[in-house]
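Student: I am new to this structure. Please take a close look at one part of it, the sheet, and then connect that part to the rest.

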Number of protein chains: 2
Amino acid sequence: MARAATTADAFNAVAEPRRRLILDELAAGERSVSELVERLELAQPLVSKHLRVLREVGAVAVREDGRQRLYSVDARALKPIHDWVSRYERMWSERFEALETVLDELKREERDDADDDA
Amino acid sequence: MARAATTADAFNAVAEPRRRLILDELAAGERSVSELVERLELAQPLVSKHLRVLREVGAVAVREDGRQRLYSVDARALKPIHDWVSRYERMWSERFEALETVLDELKREERDDADDDA
DNA sequence: TTGACATATTCCCATATCGGTATATGATGT
DNA sequence: ACATCATATACCGATATGGGAATATGTCAA
């Protein structure tokens, strides 16, 4: 077996940096293919192919307007990524948590001292 | 050019579902390779290979203990993913935001009515 | 030293990729 | 009908993949 298809899920679709750039560009608002081509300085067929992948995982929506096709983000497709990675968020702020623990203990000691005084 | 290496960055490393499972398992605490093999029901060489990829992007750390190797998560490697995807978080709760706006307006009207009564 | 155990690496195959070039499809205006 | 513009698709090449099987490396214990 080879690597999973890029269209397998949002995780795979978004692993490609240019596809993230496309989403970032679309996050600012609807864009036509040629606007994306111009702004990202990529070949037109390449942009169309990346957009197809994003479409297949539901990360973008298309609207037809004459000969143009207007793409927009559908961020709901990214939620699983956010849900998964958020579970790890606490871990890289571990030092802050450790600090919080220390502060909590200091507060408790302070309070206990106050109780002693009372 | 082919697809970017899985070791190119955390986005690529984490696109593979089994590697996410490995991280999820390690999130509960340090595990040896054979513990991972047993719990995830994967072939040992496969687990070792996936761990290598995760090591190369810095998502796991290894500690040697006799003939065992104990792996643990280093979640800092996942922060770029979180940072990127978080920018889209607002967008999938857009409906809720819209709903909140409506509710806020209703509340304001209610309050204004009360003011009129006063 | 020898053997058992834990892990990593190598070799192999089938597969899907990304990017380029060329071409097809489809809409617009004359 | 025709030429033009906007986009999508097809074809090609080079490349790296994930999984399996076999093997290498390294550690412990007797």
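Predicted model: local features only at pLDDT ≥ 70, side-chain atom pairs only at ≥ 80, totals over all residues.

**The sheet and its surroundings**

Tutor: In chain A, three strands make an open sheet with antiparallel pairing, in the order β1-β3-β2. The edges are held by β1 (31–32) and β2 (60–65) of chain A, each of which has a single partner strand, so one side of each is left without a neighbour in the sheet.

Take the pairing in chain A next. β2(A) and β3(A) run antiparallel and are joined by six bridges. One of the residue pairs is A:Val60 with its bridge partner A:Val73 in β3(A). The sheet also has a helix against it: α2(A) lies across β1, β2 and β3 of chain A and runs at about 95° to β3(A).

Which residues does A:Val73 contact, leaving aside its neighbours within four places in sequence? Within chain A they are A:Leu23, A:Leu26, A:Ala27, A:Ala59 and A:Val60, and from chain B there is B:Met91.

The strands of chain B can be followed in the same way. Strand β2 (residues 60–65) of chain B pairs with strand β3 (residues 68–73) of chain B in the antiparallel sense, over six bridges. Within this pairing, B:Ala61 stands opposite B:Ser72 in β3(B), and B:Val62 has B:Tyr71 in β3(B) as its bridge partner. β2(B) and β3(B) form a hairpin with two residues between them. In the turn, B:Gly66 has a positive phi of about 65°. Strand β1 (residues 31–32) of chain B also pairs with β3(B) in the antiparallel sense, here over two bridges. B:Arg31 has B:Tyr71 in β3(B) as its bridge partner.

How are the two chains related? Chain A is superposed on chain B by a rotation of 180° with 0.0 Å of shift along its axis, with an RMSD of 0.1 Å. That is the relation of a two-fold axis.

The contact between the chains takes 24 residues from chain A and 24 residues from chain B. On the side of chain A that touches chain B, the elements that give two or more residues are α1 (10–13), α2 (17–27), α5 (79–86) and α6 (89–92) of chain A. α5(A) gives the most to this side, with six residues. By class, the residues of this side divide into 14 nonpolar, three polar and seven charged. Of the interface residues of chain A, 100% are also interface residues in chain B, so the copies meet through the same surface. One helix of this side has come up already: α2(A) gives two or more residues to the contact and lies across the strands of the sheet in chain A.

DNA strand D is surrounded by 26 residues, of which the closest are A:Ser32, A:Ser34, A:Pro45, B:Ala2 and B:Gly66. The elements that give two or more residues to the surface near DNA strand D are α3 (33–40), α4 (44–56) and β3 (68–73) of chain A, together with α4 (44–56) of chain B. α4(A) gives the most to this surface, with six residues. B:Gly66, in the turn of the hairpin, is one of the closest residues to DNA strand D.

DNA strand C is likewise surrounded by 26 residues, and the closest are A:Ala2, A:Gly66, B:Ser32, B:Ser34 and B:Pro45. Here the elements that give two or more residues are α4 of chain A together with α3 (33–40), α4 and β3 of chain B. α4(B) gives the most to the surface near DNA strand C, with six residues. That surface has ten nonpolar, eight polar and eight charged residues.

Methods: Residues numbered from 1 in each chain as written. Chains lettered and ligands numbered in written order. Near = placed C-beta within 6 Å. Helix = DSSP H or I, 4+ residues; strand = E, 2+ residues; numbered from the N terminus. Pairing = 2+ DSSP bridges. Least-squares fit on C-alpha atoms with pLDDT ≥ 70 in both. Contact = placed C-beta atoms within 7 Å. Nonpolar A, V, L, I, M, F, W, Y, C, P; charged D, E, K, R; others polar. Axes fitted to C-alpha atoms, helices over the stretch in contact; angles between N-to-C directions.
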